Structure formats: C-alpha cells, structure tokens
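Subject: Structure for you to look through

Dear colleague,

I am passing on the structure below, and after it I describe what was found. Please keep it open beside this message while you read.

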Amino acid sequence: MNNPNLIPIYAEIFLVVATSAILLIDMFLSESKRGITYALSLLTLVGCAYFSFVDFSAGTTTYTFYNMVVSDPMGNLLKLFTYLTVGVTFVYARQYTTDRGMLGGSLGGEFYVLALFSMLGQMVMIAANNFLSIYLGLELMSLATYALVALRRDHTMSTEAAMKYFVLGALASGFLLYGMSMLYGATGTLDLSAMAAKIASGTVAPTILVFGLVFVVSGLAFKLGAVPFHMWVPDVYQGSPTGVTLLLGAAPKLATFAICIRLLVEGLLPLALDWQQMLMILAVLSLAIGNLTAIAQTNLKRMLAYSTIAQMGFVLLGLMAGVTGQDQSNASAAYSAAMYYSITYVLTTLGTFGLIMVLARAGHEAEELADFKGLSKRSPWFALVMTLLMFSLAGVPPMMGFAAKLAVLQTVLHTGQVWLTIFAVMASLIAAFYYLRVVKTMWFDEPVDTARISVAADKNIVLGFNALLVVALGIVPGPLLDACLHAMTKTLAS
C-alpha cells in the first residue's frame with residue numbers, strides 16, 4: 001500500500017484531474033463561451049478512452065490497492081462503451097440543455113461536470129473488487145445523478161422526479177449496504193475473492209448469508225429497474241430533462257451489470273442456486289409487467305421507461321443462465337450474452353432518446369406519441385432512424401436487438417428451461433405492439449406539428465452513425481459478441 005500500482009487506475013486519475021480542471025475553467029466562462037466546456041468534456045472522454053484501450057489491448061488482469069481495484073478485459077470493454085455513451089449523450093444534449101437554460105449562469109457547465117463525476121462513479125463500480133469500492137462508486141454515481149435530475153430548479157416535474165429518485169435511491173442504497181454488512185459479518189471479509197472462498201469452505205452459517213444475499217439482490221434490482229423495484233423508473237424518466245434521462249438510462253446500466261458480475265458471480269458464486277431463483281422471479285416479473293404496462297403509455301419517455309424494465313428482464317435471464325450446472329465455457333457464454341444485451345440496449349437507447357432531444361425545441365418537448373405523427377412527411381430521415389431503433393428494441397432481424405435476444409434465449413434454452421424461453425419470446429411479441437405503434441404513427445398518421453425540423457450537422461452525423469451501428473452490429477454481430485465472450489472468459493478465468 002506504500003507503493004501502489006497506479007497503472008490500472010490511470011483513466012480514473014485522469015478523469016478526476018480533468019473534471020476538476022473543467023469545473024474551475026468553467027467558472028470564468030460566459031454563457032456564450034460554454035462550448036469550451038463542451039469541447040473539454042469530450043476531450044476528457046477521449047483521454048479516458050486511450051488509457052482504457054491500452055489496458056484492454058493488453059488483455060491482462062491486474063489487481064491493486066490490496067485487491068480493492070481490478071483492471072480486467074470485461075471492465076475495460078465496459079468502460080470504453082461508457083465513454084462512448086456519455087460522449088454521444090453530450091452531443092445530443094448540447095442544444096437541448098442550452099434551449100432550457102441549463103447551461104446559463106456562472107456555473108452553467110455543471111451539467112457536464114456532474115455527468116463526468118457520475119461517470120467516475122461508474123468507472124469505480126466497474127473496476128471494484130471489494131464491498132467498499134463498490135459502494136464508493138455507487139454513491140458517487142448516485143449523488144451526481146440526483147443533482148442532474150434536479151438541475152432545472154424552476155421546473156416542477158424535474159424537482160418532483162429528483163425527490164422521488166433521491167428518497168427511493170437512498171432506500172435502495174440502504175438495502176445494498178445492509179446486505180453487504182450482513183455478508184461481512186458472516187464471512188469477516190470485504191474482499192470478493194476471499195468471500196467466495198470463505199463461503200465455499202462451508203464454515204459460514206447459511207441463514208445469515210441468504211438474508212444478506214436477499215438485501216444485495218434487492219439493491220441491484222433497484223439499480224437495474226427490475227420489478228418490483230421499478231416504480232422510480234417511469235416517474236424519473238418522464239420528469240427529468242431528456243438529456244439527463246439519457247445519462248440515467250444508458251451508461252449506468254453498464255456499471256450495474258458490472259457489479260452484478262462482481263458481486264454475484266465473483267463474490268457469491270457458491271450461493272448461485274439461491275440468487276439464480278431470485279433473478280428468475282425478477283426477470284419474469286419485469287418481462288410481464290414492463291411490457292404490459294408500456295402498452296398503455298402515450299408519453300414516449302414513459303413508454304421507453306417501462307420498455308427498459310422489460311429489457312432488463314432479458315439481462316437478468318442471461319445472468320441467471322450462467323449457473324445451471326454448466327461448465328466454464330457455457331457459463332462465460334451466458335454472461336457474455338447478458339453483457340452483449342446490455343451494450344445493445346445502451347446503444348439503442350442512445351438513439352431513441354437522442355431523437356427525442358433532436359426533435360424538441362425551445363418551449364416544446366417532443367415526448368408525446370402524438371408529436372411523432374406524420375414524422376415521415378416532415379423528415380423521412382428521422383422517421384427512418386426511429387424505425388430502425390424501434391425494430392431493434394422489438395428484436396426484429398437483422399437489427400442488433402434481434403442478435404442480442406437470440407444470444408440470451410439460446411443460453412436460457414441450454415439450461416433446459418424451455419418454458420422460460422417460450423415466456424420470454426411471448427413477452428417480446430407483446431413488446432412488438434407498442435414499438436410498432438410508434439412506427440405506424442410516424443409513417444401512416446397525419447402530422448399535427450408542421451414546424452420545420454432544423455438540426456445541427458454534428459447531431460445528424462452522430463444520429464446516423466448511431467443507427468448504422470445498430471444495423472451493422474445486427475447484420476455482423478460476431479466481432480462484438482466475440483469481444484464480450486473473450487473479455488468474460490478472461491475475467492472469470494482470473
């Protein structure tokens with residue numbers, strides 16, 4: 001500890017220094033020069049990506065700070081997609097936040113600074129190998145996102161959403177912390193590897209372990225937005241400014257997936273038969289309630305919130321499928337399918353909420369289903385992009401969403417649980433209704449808003465790239481699937 005290896009956390013160190021510098025620089029910038037903060041934030045993401053890419057290319061697993069932090073292929077791959085997600089969000093949200101006065105005043109760059117600090121928390125979560133570092137990252141991310149939701153202080157819905165998110169988020173953090181404390185009390189260690197070895201030895205009272213496990217899974221389910229810990233998701237998604245909604249609904253899901261692997265697979269694998277049953281129940285409820293409730297929604301952000309709940313059901317199925325008496329290679333395939341699904345969800349969510357922000361303008365939010373009526377007549381390009389994204393969420397081939405659903409369903413089928421596979425397929429059929437309803441609204445209804453759609457070139461380019469990525473990774477899913485499998489295999493082997 002007197003001479004720790006700092007190389008695995010170069011990206012985190014760079015982010016802390018750069019974000020602090022951006023905060024100081026922004027204090028001396030006028031609103032008209034807020035573009036400097038925007039540019040510096042993007043450059044910061046590029047710098048972080050460089051350090052993580054170097055680590056990912058090395059393909060090694062390195063522990064530091066008494067095993068509290070780990071740099072491994074899975075973590076570095078998830079970090080790279082986190083940088084991409086936050087960077088694209090900044091591009092989509094730039095004009096949106098400006099139009100709503102979120103970048104005004106002497107500290108107008110707080111949107112970017114808080115987003116970067118939230119990303120720092122996500123990076124700590126992804127690299128955590130100890131209960132303390134997991135909780136540190138979780139709280140750093142959560143506190144920044146609470147402030148982001150409340151950023152529009154003069155907006156009633158945003159303030160209400162922030163209060164709900166803060167109260168329920170604090171409750172969920174309490175669940176997770178209480179579960180961690182029970183597991184620590186039972187095993188006498190905070191280190192995940194040591195905890196797995198202690199539990200596997202059979203010398204720990206199983207009752208305390210199971211109680212602690214229930215609280216830990218409950219906390220994780222809240223962060224994923226799984227039923228029955230989902231009620232914050234639609235209210236917060238709808239009440240937050242859309243740029244903040246995207247910061248909440250995309251990158252944090254990658255970090256939450258990472259701590260699910262760290263906690264359940266690396267730390268609590270001897271209790272797999274217990275948490276597998278819990279994940280199965282959460283997955284089934286999320287798929288059923290998420291999809292059925294989404295049908296009744298007319299607000300697009302609220303509909304996508306319930307869609308997120310259902311999508312997380314598929315991620316839970318992948319996590320669950322990795323522990324049903326399979327060998328190491330099949331377990332890696334199941335976890336990598338869940339990882340691939342998480343990345344797919346994030347990339348598609350980027351485009352959908354990005355398009356909602358692109359179509360919004362000063363004084364008008366384009367978040368109701370009616371706002372998309374006749375979009376093909378106003379802008380065939382945006383209608384086409386949204387159609388591709390809806391097809392991906394619905395799992396229509398050859399979109400990326402189809403490849404992701406197929407990968408997860410195959411792993412579930414390999415466990416012999418045919419009924420669960422059929423149930424997931426039926427849930428996807430229900431989901432197709434409300435996704436295709438958006439497509440029908442755009443192409444076959446008459447427009448109610450005839451205002452001209454004017455979009456900056458950078459947003460058009462990024463939106464096009466976003467849609468192309470969703471299509472290309474659906475037609476050729478192999479490279480990303482292989483990268484996920486390679487990363488997961490290396491991580492589990494270490």
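Pro398 lies in the loop between H16 and helix H17 (400-414), where helices (H or I, at least four residues) and strands (E, at least two) are DSSP runs numbered from the N terminus. A cis peptide bond, with omega at about 5°, joins Pro397 and Pro398.

Before going further, please note that this is a predicted model, in which local features need pLDDT of at least 70 and side-chain atom pairs count only at pLDDT 80 or more, while totals for chains, interfaces and linings use all residues. Residues are numbered from 1 along each chain as its sequence is written, and side-chain values use heavy atoms, with hydrogens and water left out.

A cis bond also leads from Val227 to Pro228, with omega near 10°, and Pro228 sits in the loop between helix H8 (206-224) and H9. As background, most residues other than glycine have a negative phi, and most peptide bonds are trans. Asn67 counts as partly exposed, because its relative accessibility is 38%; buried means under 20% relative accessible area, exposed over 50%, and partly exposed in between (1.4 Å probe, protein chains only).

Next come the helices. Helix H6 (residues 156-187) and helix H9 (residues 232-239) pack at an angle of about 145°, their axes being 8 Å apart; axes are lines fitted to C-alpha atoms, for helices over the stretch in contact, and angles run from 0 to 180 degrees between N-to-C directions. On the H6 side the residues that meet H9 include Met157, Tyr165 and Leu168, and on the H9 side their partners include Trp232 and Val236, contact meaning heavy atoms within 4.5 Å. The residues of this contact of H6 with H9 divide into 6 nonpolar, 3 polar and 2 charged, where Ala, Val, Leu, Ile, Met, Phe, Trp, Tyr, Cys and Pro count as nonpolar, Asp, Glu, Lys and Arg as charged, and the others, Gly among them, as polar.

Ser41, in helix H2 (residues 34-58), is buried, with a relative accessible area of 0%, and its side chain reaches the backbone oxygen of Thr37 at 2.8 Å. Not counting residues up to four places away in sequence, Ser41 touches Ile22, Phe90, Tyr112 and Leu116. Ser376, in helix H15 (residues 375-378), is buried at a relative accessible area of 9%, and its side chain reaches the backbone oxygen of Met442 at 3.0 Å.

Terms used. A polar contact is a pair of N or O atoms within 3.5 Å; within protein, one must be able to donate a hydrogen and the other to accept it, and residues adjacent in sequence count only if both atoms are side-chain atoms.
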